[in-house]
Amino acid sequence: VQLVESGGGLVVAGDSLTLACAASGRTFGSIAMGWFRQAPGKVREFVAAISWSGISTYYADSVKGRVIISRDNAKNTVWLQMNSLKPEDTAVYYCAGEPYNYYDPKTYKHWGQGTQVTVSS
């Protein structure tokens, strides 16, 4: 599975942004997907994840209530809708797939190249 993120950019605090992750490969519909982020000088951290069916979703406490993860298996795409963005949300956001543990980036088999999100105050 190859993953390509899009939708990053420069926004002002309080704005919304939706990231997309387009996947290639016939197995997309059978694997869980996740979003992570990494700010300069910090470790890569979990943001959100979604089961293969889309029924179950999981969020980091830092984004819960502001972020929605969703997917469309017919379009081979997963989205991350981010609302009420804060300067501390500034990071490179990565899409990842096929984990053993939703929260642990080391267990994900596939990764995208990332998309930069910058939130100015």
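R37 is buried in this predicted model, with a relative accessibility of 6% (buried means under 20% relative accessible area, exposed over 50% and partly exposed in between, with a 1.4 Å probe and protein chains only). The residue belongs to strand β4, residues 33-38 (strands are DSSP runs of E with at least two residues, numbered from the N terminus). Numbering starts from 1 along each chain as its sequence is written. As the model is predicted, local features need pLDDT of at least 70 and side-chain atom pairs count only at pLDDT 80 or more, while totals for chains, interfaces and linings use all residues; side-chain values use heavy atoms, leaving out hydrogens and water.

What does R37 form with E45? The two are linked by a salt bridge, with 2.5 Å between the closest N and O atoms (a side-chain nitrogen of Lys or Arg within 4 Å of a carboxyl oxygen of Asp or Glu). E45 is partly exposed, at 32% relative accessibility. The side chain of R37 also makes a polar contact of 3.0 Å with that of Y93 (a pair of N or O atoms within 3.5 Å, one able to donate a hydrogen and the other to accept it within protein; residues adjacent in sequence count only if both atoms are side-chain atoms).

In total, five salt bridges are counted. K64 and D61 pair through their side chains at 3.3 Å, N to O, and D61 is exposed at 67%. Another salt bridge joins D104 to K106, again with 3.3 Å between the closest N and O atoms; K106 is exposed, at 72% relative accessibility. Through shared partners, salt bridges connect R37, E45, R66 and D89 in one network.

Note on methods:
Helix = DSSP H or I, 4+ residues; strand = E, 2+ residues; numbered from the N terminus.
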